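Here are a few exercises to work through with the model open beside you. Try each task before reading its solution.

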Amino acid sequence: MYLKKEMEFGKGKLSIETGKLAKQAAGSVVISQGDTVLLVTVATGKEPKLGDFMPLTVDVQSKMYAVGKIPGGYLKRESRPPESDLLIARLTDRPLRPLFPEGYTYDTHVIITILSVGEENIYESLAMIGASAALSVSKIPFLGPIAGAKIGYINGEYLLNPTLAEFEESEIDISVAASMDAIVMVEGEAKEVSEEIIVGALRFAQEALKPACQLQLDMMEELKVEKMEEFIVPEYNEEVIKEVEAHVKEVLISATLIKDKMERYDTYDVIKKDAKTYFAEKYPEDNFSDEVSIGVSNVKRDLIRGRIANDGLRIDGRDLLTVRPITCETGLLPRVHGTSLFTRGETQALVSVTLGSIRDAKRDETIDGEIYHKFMLHYNFPPFSVGEARFLRGPGRREIGHGNLALRGVKHVLPSEEDFPYTIRIVSEILESNGSSSMATVCGSSMALMNAGVPIKKPVAGIAMGLIKEGEGYHILTDILGDEDHLGDMDFKVVGTADGITALQMDIKIEGLPEEVMSKALDQAKVGRLHILGEMAKEITTVSDEMSKYAPKTLQIPIPSKKVGVLIGPGGKNIRAITDETGVEVNIDDEAGFVTVYTSDQKAMDRAKYLIEMSIIDVEVGVVYDGKVTELKDFGALVEVLPKKIGLLHISEVAHKHVKDISEFMKVGDIVKVKVKRVDERGGKISLSMKALIPREDGTFDHEHEEKKKTYDKKPYKKKEWKKRD
């Protein structure tokens, strides 16, 4: 059945239609606003997967034809998705994942294809709404709908899906997903704003997104969607599970109190192994391995959550507010431009900073155009960081997402390109992980930047908050462990300086959170963040006065716009000659009006500076130069007075006496002192003189280079008068 629904949403009309395209998918919608059009489909597997993990996959396909362009490269077709697609896929996945019923473990695949992009790129918001709509109109059991949008804040007012120009002025840039009743996901960045502004943004988003949720409910009603109420759930022996729970409870009470993560996990494994052996012997004709695993997990979950809710005590013995012990160190690696080691409990990040020239910026070809990233933050999570032995692969979606969150939190404290004309790359190597390694990356990045001599505006730190909801009670945890993230109901990461929030990310595993809980979590996060900043200050408080001797030095030389072509030369000949001779790297920014030189060799820097200045300086009449003889002619010599600026020293200008053979006075390669007589402004010809610098026999100097005015006596013209003939 074909159905199309429309509504006003932000700055335009939002349209959702179904029943026209991709009708063999389990659910399919075309969602559009203005010239931006997305096709969103969902498909599901025929059989459930074993275990309790929801096998949801969200993929985003941005097509270059959506902006009327042909992809670059040899193949001329889209291949590996850009990071921007992966980040939108993660942003869409996170609010959907908690909204599937318990026991539903069918493969579920959402594909978002960006077909057309208008001037205001709002496809991120449309992707979240479209994915929810496709699930809502399908038979797949989905506890939505949800809707998503970007929120801005300008002059005390919140905006829904601001324009790109408005985002330049906005104090916040956050993406929010919400159901009819609650916020379900938050991610974004801010310019050191207060907790109150963030809470206000979430309140605004909750109300602004309700109509988009209602539109989907209306579509479901008109389509008379019948959801899959009975789906195949793996059958387990509930009696055996209860028996397992009783069998392992006593030993798990002490195991869940072991503070060391690896020792605790090893103890869990032993308990599970012993329980499987016990029940295999007790029920030799049955395989209750899954029941044992479920029973152990149930007891472990109830013990950890119950102890937090009832006693306010956590796995490692902390109360709900305490941050784990922190140690910091900087300047560890001698050849690296800046380094830090940040350790918080059993989470450790080794962070390095590398400085490069503007040419080292990363270039991305996306549907948003060519984007140059002069700040990069790469997060690596090797398997040994959690004690695992597995293949070492390239960065996955998790690594890209964690790195992007840390980047958004750090970038607002970086200096401007004018003040610090470098490309900056940060790499975070996670050496140990037991909760919130992305926030350790933020803290380590701040210290590594200061160690590298990057003049950041303020130090920045991050902290992860957790939540345990038992009954009507909410218990907020500061600086969560990995188990508290896995067994808890929320992962809320907050990044900021001492003066405000610069980034945040929230994922929840329940249907939604009241506003007062999020407000309390933000306030509690601020206390924790200030504590961490204080611990970081014990190691480093100010930016290093000197950069590493291995880091490239920079020098900026002003250049008039009319001289850019002269410096570059025909086909880049002049600038290439300078870089070949000195080995430096040169970046010309004619809009800003300066040339930037990069090198770690001071002598090369000085030589390049001289060559550049000499290339763009004008030869002046009357000025004396030490010129190099480049060629001898019968009529004189060609002398290079400045790099690439050659004048003619006529044979008559060599001496006051008659010179028959100029080779008697000089040879090629000699340095001679010459004075500029004339410069032809139209042709650029330069006339030189040596004799103007040599006194005559009477001690006077030749001043022939001064132009003399000649006067001519002219008789006035008289018009001849003709007489008329008779």
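Contact here means heavy atoms within 4.5 Å. This is a predicted model, where local features need pLDDT of at least 70, side-chain atom pairs count only at pLDDT 80 or more, and totals for chains, interfaces and linings use all residues. Residues are numbered from 1 along each chain as its sequence is written, and side-chain values use heavy atoms, with hydrogens and water left out.

**Exercise 1. Find where Val199 sits and which residues it is in contact with, leaving aside neighbours within four places in sequence.**

Step 1: Val199 belongs to helix α4. Helices (H or I, at least four residues) and strands (E, at least two) are DSSP runs, numbered from the N terminus.

Step 2: Look at the accessibility. Val199 has a relative accessible area of 9%, so it is buried. The cut-offs are under 20% for buried, over 50% for exposed, and partly exposed in between (1.4 Å probe, protein chains only).

Step 3: List the contacts. Beyond four places in sequence, Val199 touches Glu515, Ser519 and Leu522.

Step 4: Val199 and Ile568 are 369 residues apart along the chain, and their C-alpha atoms are separated by 53 Å.

**Exercise 2. Which residues have the most contacts inside the largest nonpolar core?**

Step 1: Set the rule. A nonpolar core is a set of buried Ala, Val, Leu, Ile, Met, Phe, Trp, Tyr and Cys residues joined through side-chain atoms within 4.5 Å.

Step 2: Apply it. The largest core has 161 residues, and Ile172 and Ile424 have the most contacts inside it. Helix α4 (residues 195–223) gives the most to this core, with 13 residues.

Step 3: Zoom in on Ile424. Leaving aside neighbours within four places in sequence, its contacts include Val353, Leu355, Phe375, Met376 and Leu449.

Step 4: Check for another core. Apart from the largest one lies a core of 21 residues, among them Ile651, Ile662, Met666 and Ile686.

**Exercise 3. How do helices α1 and α8 pack?**

Step 1: Two packed helices are described by the angle between their axes and the distance between the axes. Axes are lines fitted to C-alpha atoms, for helices over the stretch in contact, and angles run from 0 to 180 degrees between N-to-C directions.

Step 2: Helix α1 (residues 83–96) meets α8 at about 95°, and the axes are 10 Å apart.

Step 3: α1 and α8 are therefore roughly perpendicular. Angles of 65 to 115 degrees get that label, under 35 is roughly parallel, over 145 is roughly antiparallel, and the rest is oblique.

Step 4: Name the residues. The α1 side includes Leu86, Leu87 and Arg90, and the α8 side includes Arg397, Ile400 and His402.

**Exercise 4. What sets the backbone at Asn161 apart, and where is Asn161 found?**

Step 1: Most residues other than glycine have a negative phi, and most peptide bonds are trans.

Step 2: Phi of Asn161 is near 50°, a positive value in a residue other than glycine. Asn161 is in the loop between β8 (157–160) and α3 (164–169) and is buried at 8% relative accessibility.

Step 3: Asp479 also has a positive phi, near 60°. Asp479 is buried, at 0% relative accessibility.

Step 4: For the peptide bond, go to Gly144 and Pro145: the bond between them is cis, with omega near 5°.
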